[in-house]
Amino acid sequence: MKRLGLARNPEDALFVAVAEAGWEPVSCPFTTFESTEDDNPCPNADLAIVLSPAAARAVSLDPALPCLATGEATARPLQP
């Protein structure tokens, strides 16, 4: 069976889709970001687009700022 490393948890939709496609998904969280604690470079932003779970964990966004997350796993760390 073919194996595919994913930076996702087994309950995430991508993990399930890989298994349904006949591959063996392997949880492999190989990306990490750390917050720089710098000031927000875009304090007047109207929207944030968050592309990865690692980025979502590293940012400190205003809770009132609307966010577009690229998937379920990315959105999870942004939940209050």
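Q: How many salt bridges does the structure hold?
A: This is a predicted model, and the structure holds three salt bridges.

Q: Which residue forms a salt bridge with Glu24, and how far apart are the closest N and O atoms?
A: The partner of Glu24 is Arg3, and the closest N and O atoms of the pair are 3.5 Å apart.

Q: What about Arg76, which residue does it bridge to in the loop between S1 and H1?
A: Arg76 forms a salt bridge with Asp12, with the closest N and O atoms 2.6 Å apart. Arg76 lies in the segment after H3, so the pair ties together parts that are 64 residues apart in sequence.

Q: Is Asp12 buried or exposed, then?
A: Asp12 counts as buried, since its relative accessibility is 2% and buried means under 20%. Arg76 is partly exposed, with a relative accessible area of 36%.

Q: Which residues are joined into one network?
A: Glu72 also forms a salt bridge with Arg76, the closest N and O atoms being 3.6 Å apart. Through shared partners, the salt bridges join Asp12, Glu72 and Arg76 into one network.

Q: Where does Glu72 lie, and what is it in contact with?
A: Glu72 lies in helix H3, which covers residues 72-75. Apart from neighbours within four places in sequence, Glu72 is in contact with Glu11, Asp12 and Ala13.

Q: Changing topic: how do S1 and S2 pair?
A: Strand S1, residues 3-6, pairs with S2 in the parallel sense over four bridges. Within this pairing, Leu6 stands opposite Ser27 in S2.

Q: Lastly, which residues make the nonpolar surface patch?
A: The patch is made by Leu47, Ile49, Leu51 and Leu68, and its area is about 420 Å². Leu47 is found in the loop between strand S2 and strand S3, and at 45% relative accessibility Leu47 counts as partly exposed.

Definitions and conventions
Residues are numbered from 1 along each chain as its sequence is written. This is a predicted model: local features need pLDDT of at least 70, side-chain atom pairs count only at pLDDT 80 or more; totals for chains, interfaces and linings use all residues. Side-chain values use heavy atoms; hydrogens and water are left out. Patches are made of residues with over 30% relative accessible area and no salt bridge: like charges are joined within 9 Å, nonpolar side chains (Val, Leu, Ile, Met, Phe, Trp, Tyr) within 5 Å. Accessible areas come from the Shrake-Rupley method with a 1.4 Å probe; for residues, only the protein chains shown count as cover. A salt bridge is a side-chain nitrogen of Lys or Arg within 4 Å of a carboxyl oxygen of Asp or Glu. Helices (H or I, at least four residues) and strands (E, at least two) are DSSP runs, numbered from the N terminus. Buried means under 20% relative accessible area, exposed over 50%, partly exposed in between (1.4 Å probe, protein chains only). Two strands pair if DSSP finds at least two bridges between them. Contact means heavy atoms within 4.5 Å.
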